[in-house]
Amino acid sequence: MHTFTKIAATALALISFASVASAQMSPTDRIREKGWELEIRTGVNLGGTAPMPMPAEVREIKEYNPKLNGILELSVSKWFIPHGGFGFVTGVRLEQKGMETVARVKNYHMAMTQQGAVMEGNWTGMVRSSYYGSGVTVPLLLAYNFHDKGRVSAGFYAGYILDGDFSGDVYDGYFRKGSPVGEKIVFSNEDHTPYSFKDAIRPYEVGLQIGGSVKIYHNFNLFADLKYGFTNIFKSDFTAISFPMYPIYIGTGFSHLF
């Protein structure tokens with residue numbers, strides 16, 4: 001009888017302990033009750049790097065390839081009222097941006113390499129351009145949370161470019177050395193002459209970010225953000241292309257809230 005009493009007491013104690021443990025909140029629940037929220041995002045950037053507005057030298061866009069540019073982000077949110085209302089969002093985002101275009105241009109000021117020599121002047125004909133940039137980005141956003149059903153946000157971002165290049169080739173046209181009336185060099189459709197401005201890529205980027213997300217299942221969300229760069233992708237002393245180029249991308253994908 002004494003042994004049975006000990007077993008019963010031990011069983012009751014274990015049941016009581018399990019009940020208390022199950023009633024306690026997890027560490028992430030405690031964080032969310034204080035208005036903090038962690039989110040992991042993964043997706044792709046789709047868009048392009050382009051002059052705004054489109055200059056008259058670009059007569060027609062013949063081909064466009066947005067490429068698949070990856071996104072991996074850890075964001076932190078602080079809500080003034082837990083689970084709803086206004087708050088701030090920041091984080092760290094690893095991302096790629098890139099695109100490829102083929103365009104027909106006229107009197108397009110640029111530099112190219114031919115037989116090891118760099119020539120600068122005006123190109124009329126076809127030009128293939130490819131941009132690639134990867135880096136680390138930190139957003140700073142004001143957000144509104146619709147009571148865990150979704151959110152909208154707007155603010156700014158700053159990024160550091162770890163690796164980037166703007167390159168391509170020209171063909172099927174003619175080049176005027178130095179000016180629109182300079183020496184004329186004709187290129188056939190098969191005569192592709194390359195160019196690369198890798199050393200001219202600006203190492204940082206600043207821009208506007210506007211977007212939102214919608215809950216699709218439990219803590220899983222679908223997000224989309226417009227990222228409009230204010231800074232030219234080229235350094236300020238770069239003159240081979242006469243107009244600035246801005247990164248304009250939409251990032252979209254899935255996220256998980258903790």
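Which residues touch the most other members of the largest nonpolar core? I began my notebook with this, and found that among the 30 residues of that core the answer is Met 112, Trp 123, Phe 166, Tyr 195, Phe 197, Phe 234 and Ile 241. For the term itself I noted that a nonpolar core is a set of buried Ala, Val, Leu, Ile, Met, Phe, Trp, Tyr and Cys residues joined through side-chain atoms within 4.5 Å.

**Entry 1: ground rules**

I am reading a predicted model, in which local features need pLDDT of at least 70 and side-chain atom pairs count only at pLDDT 80 or more, while totals for chains, interfaces and linings use all residues. Residues are numbered from 1 along each chain as its sequence is written, and side-chain values use heavy atoms, with hydrogens and water left out.

**Entry 2: the overall layout**

I looked up the elements and found two helices and eleven strands, where helices (H or I, at least four residues) and strands (E, at least two) are DSSP runs numbered from the N terminus. Their order from the N terminus is α-α-β-β-β-β-β-β-β-β-β-β-β. Of the 258 residues, 43% count as buried; buried means under 20% relative accessible area, exposed over 50%, and partly exposed in between, with a 1.4 Å probe and protein chains only. I also looked at contacts, meaning heavy atoms within 4.5 Å, and among those between residues at least 6 apart in sequence, 73% join residues at least 24 apart.

**Entry 3: back to the core**

Returning to the 30 residues of the largest nonpolar core, I listed the elements that give two or more residues to this core, which are strand 4 (84-114), strand 5 (117-145), strand 6 (150-177) and strand 7 (184-187). Strand 4 gives the most, with seven residues.

**Entry 4: strand 3 and its partners**

I followed strand 3 next, counting two strands as paired if DSSP finds at least two bridges between them. Strand 1 (residues 36-50) pairs with strand 3 in the antiparallel sense over ten bridges, and Thr 42 stands opposite Leu 72 in strand 3. Strand 3 is also joined to strand 4 by ten bridges, again running antiparallel, and Lys 78 has Phe 88 in strand 4 as its bridge partner.

Is Ser 77 buried or exposed? Ser 77, which lies in strand 3 (residues 69-81), counts as buried because its relative accessible area is 1%. Its side chain makes a polar contact with the side chain of Arg 151 at 3.2 Å; a polar contact is a pair of N or O atoms within 3.5 Å, where within protein one must be able to donate a hydrogen and the other to accept it, and residues adjacent in sequence count only if both atoms are side-chain atoms. Leaving aside neighbours within four places in sequence, Ser 77 is in contact with Gly 35, Trp 36, Glu 37, Phe 88, Val 89 and Arg 151.

Gly 121 has its place in strand 5 and counts as buried, at 0% relative accessibility. Gly 121 and Tyr 108 are 13 residues apart in sequence, with their C-alpha atoms 8.1 Å apart in space. Leu 141 also lies in strand 5 and is buried at 5% relative accessibility. The C-alpha atoms of Leu 141 and Ile 210 are 8.5 Å apart, although 69 residues separate the two along the chain.

**Entry 5: rings**

How many aromatic pairs does the structure hold? I found 13, where rings of Phe, Tyr and Trp (its six-membered ring) pair if their centres lie within 6.5 Å, and planes under 30 degrees apart count as stacked, over 60 as edge-to-face and the rest as tilted. One of them joins Tyr 108 and Phe 243 edge-to-face, at 5.7 Å centre to centre and 65° between the planes. This pair links distant parts of the chain, with Tyr 108 in strand 4 and Phe 243 in the loop between strand 10 (220-229) and strand 11 (246-257), 135 residues apart. Both Tyr 108 and Phe 243 are buried.

Ring pairs also link Phe 166, Tyr 195, Phe 197, Phe 234 and Phe 238 into a cluster.
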